[in-house]
Amino acid sequence: MSPNIQEVSLKDLNARRRAILARVGMTFQDLAARAEARSLTGDEWAAWEEIREIDFLRNQ
Amino acid sequence: MSELSAELERHVAQYGWETSELLLAALPGLPDPPVEILRREDRFVVGAPGQKTLPLYVAGEQLASLKVSVACRMDSVGRYMAVEESAFALLAALDRTPVLRVHYYRSPRGKPSAHLHVHGHRGALSHLLSRAGHDTPHDISSLHIPVGGSRFRPCLEDFLQFLVQECRFDSVPGWQQAVEDGRERWRCLQVAAIVRDVPEEAARVLRELGYAVEPPDPVPAASAKALRTW
């Protein structure tokens, strides 16, 4: 099966980003600080990777 | 949609399809398709569905997972799909954190553009990093081990072969053919990019091989960035 191209809006991405941060119960700054210190747990690592992809799409 | 944008979408869709076929031909038990493509304007991310990871099995038991993420957009001359960032990571199922990561950044900001992170412990290395004044000597994963720069970096096919052949994860019969076919496509693309980086050197080698090659006017300059950046 060919992969779909899923169009996402800035609004979708912002909502997805908020949901990811809520899932790990952190602000972006807290999560970024833990990533910088390389002390992310499994869930936090997944969240950080997802947010990095989202921020690439948001162009930020 | 502009003509360039449609062309980029076609390139990304082709890349997504090739990645999907490669993964399905190499690793068992994956969702079909194993990748999705997220798009906003001229930016794309190719990765596992739902921005998640893909399962890796040993004798049918999931012991690890694979993160594949490729962020791309149109290159600076508006002609080719350019990978801005990519990540291939092996994560242990035990704690869902990375064991190994291969990263590529087109704009690396001081780091090697293509590098490997090893999440492990080695007392002797920590000791010498500490003596050398490293900020985090206890954390080997903080090292960015260079792996060939933009043009000579490992491809996904290399990482998949490493997972199957070196780590002994379960594979699909015939995986090696798919991996080698994909690697051949990747290296042909990289060779084309290298020729664009150093056209005079490419022309010199072609002349040595007996080809007749005439330079355009003006002769394009070699890319110092491609030749000198780590």
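F159(B) is buried, with a relative accessible area of 5%, where buried means under 20%, exposed over 50% and partly exposed in between, using a 1.4 Å probe and protein chains only. This is a predicted model, in which local features need pLDDT of at least 70, side-chain atom pairs count only at pLDDT 80 or more, and totals for chains, interfaces and linings use all residues. Residues are numbered from 1 along each chain as its sequence is written, chains are lettered from A and ligands numbered from 1 in the order in which they are written, and side-chain values use heavy atoms, without hydrogens and water.

**Aromatic rings**

- Over all chains, three aromatic pairs are found, a pair being rings of Phe, Tyr and Trp (its six-membered ring) with centres within 6.5 Å, called stacked if the planes are under 30 degrees apart, edge-to-face if over 60 and tilted otherwise.
- The rings of F159(B) and F162(B) have centres 6.0 Å apart and planes at 35°, so this pair is tilted.
- F162(B) is partly exposed, at 26% relative accessible area, and together with F88(B) and F159(B) it forms one aromatic cluster.

**Charges over rings**

- In chain A, the charged end of R17(A) sits over the ring of F28(A), 4.6 Å from its centre.

- Q190(B) counts as buried at 10% relative accessibility, and its side chain reaches the backbone oxygen of R151(B) at 3.0 Å.

Note on methods: A polar contact is a pair of N or O atoms within 3.5 Å; within protein, one must be able to donate a hydrogen and the other to accept it, and residues adjacent in sequence count only if both atoms are side-chain atoms. A charge sits over a ring if NZ of Lys or CZ of Arg is within 6 Å of the ring centre and within 35 degrees of the ring normal.
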